[in-house]
Structures are given as structure tokens and as C-alpha cells.
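Please keep the sequence and the structure at hand while reading.

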Amino acid sequence: MEKELDINALGEKIKQYRIARGYSAQRLSNITGVSKSHINNIESANSHASAEVLVRIANALEISVDILLCDSLNRKTSQGARMTEFTQMLEECTEKETKIIVDTVKALRESLKQADLK
């Protein structure tokens, strides 16, 4: 069965990245040319965003649209989007932060494998 657009997850993802960039809704509005009220409505899942608006938001937040939509994609496609998101996060880290994150992911993966065996 095809997945449908999860507007709640989309709104949460936009808000998460907006806050991580240190942008207020007004700042994102100014950058994208999308009204602040529309940004707020998208983030609270009260309104849908057109493809054009999603592209403007993604560009302003310096992320790809697939990252914004990954929760609405099928497993195989969303996995690629999540890898893109993970790679982008790592690119923004210092070398020390990257090593800690990679070591943590390795340990977590090993723990998950062990839990599956039980």
C-alpha cells in the first residue's frame, strides 16, 4: 500500500530544522517569501505546502526536500533520505564530534543485533 503525505511529520521536520538553524518563523518567512502564518500553519499541520513552497523552505533550511518528506516515503526511499540527512548532519560536525557519533552508532547497532538474537 502506498504511503500518504504525513503532514504532521512534515510540519515537525520543518520546525525542527528551522529551530536548529536558529530561525524564527518570521525569519524563515522573510527568506522564503512565504507568509509567517502559512509557515506556522504548515508546521502545525493545519495547511498543506505546495511543491514550490517546500522547495523554498528546503533551500532556506539548506536541506533537501526528501529529508522533509522522508516520513511519508516508502521504506526503501525513506532510507535513502535518512542517509542523506545523516550525512548532512555529519558534514556539519567537527572531526571529534563525527568520531563520537560514528562510535555511538556502531555500539547502538551492535546492541540492536544482540537484542534481536534474544
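This is a predicted model: local features need pLDDT of at least 70, side-chain atom pairs count only at pLDDT 80 or more; totals for chains, interfaces and linings use all residues.

## Overall architecture

The chain has seven helices and zero strands, so that reading along the sequence gives the pattern α-α-α-α-α-α-α. Taken along the principal axes, the C-alpha atoms fill a box of roughly 50 × 40 × 20 Å. Among contacts between residues at least 6 apart in sequence, 50% join residues that are at least 24 apart.

Of the 118 residues in the chain, 31% are buried. The accessible surface comes to about 8,000 Å², and carbon and sulfur atoms account for 53% of that area. The chain carries 17 positive and 17 negative side chains, with the centres of the two sets lying 3 Å apart.

## The largest nonpolar core

The largest nonpolar core holds 20 residues, and those touching the most other members are Ile14, Leu28, Leu54, Ile57, Leu61, Ile63 and Leu68. Two or more residues of this core are given by each of helix H1 (7-20), helix H2 (25-32), helix H3 (36-43), helix H4 (51-61) and helix H5 (65-69). The largest share, six residues, comes from H4.

Leu54 is one of the core residues that touch the most other members. When residues up to four places away in sequence are not counted, Leu54 touches Leu10, Ile14, Ala49, Val65, Leu68 and Leu69.

## The loop between H3 and H4

Two residues of the loop between H3 and H4 can be described in some detail, namely Ala45 and Ser47. Phi of Ala45 is near 60 degrees, which is a positive value in a residue other than glycine. Ala45 is buried because its relative accessible area, 17%, is under 20%.

The side chains of Ser47 and His38 are joined by a polar contact of 3.5 Å.

## Loops on either side of H5

Glu62 lies in the loop between H4 and H5, and although Glu62 is not a glycine, it has a positive phi of about 60 degrees. Is Glu62 buried or exposed? At 52% relative accessibility Glu62 counts as exposed, because this value is over 50%.

Asp71 is found in the loop between H5 and helix H6 (75-91). Its relative accessibility is 25%, so Asp71 counts as partly exposed, a class that falls between the 20% and 50% limits. Asp71 and Glu95 are 24 residues apart in sequence, and their C-alpha atoms are 29 Å apart in space.

Note on methods. Residues are numbered from 1 along each chain as its sequence is written. Side-chain values use heavy atoms; hydrogens and water are left out. Helices (H or I, at least four residues) and strands (E, at least two) are DSSP runs, numbered from the N terminus. Buried means under 20% relative accessible area, exposed over 50%, partly exposed in between (1.4 Å probe, protein chains only). Contact means heavy atoms within 4.5 Å. Accessible areas come from the Shrake-Rupley method with a 1.4 Å probe; for residues, only the protein chains shown count as cover. Lys and Arg count as positive and Asp and Glu as negative; His and the chain ends are not counted. The place of a charge is taken as NZ of Lys, CZ of Arg, CG of Asp or CD of Glu. A nonpolar core is a set of buried Ala, Val, Leu, Ile, Met, Phe, Trp, Tyr and Cys residues joined through side-chain atoms within 4.5 Å. A polar contact is a pair of N or O atoms within 3.5 Å; within protein, one must be able to donate a hydrogen and the other to accept it, and residues adjacent in sequence count only if both atoms are side-chain atoms.
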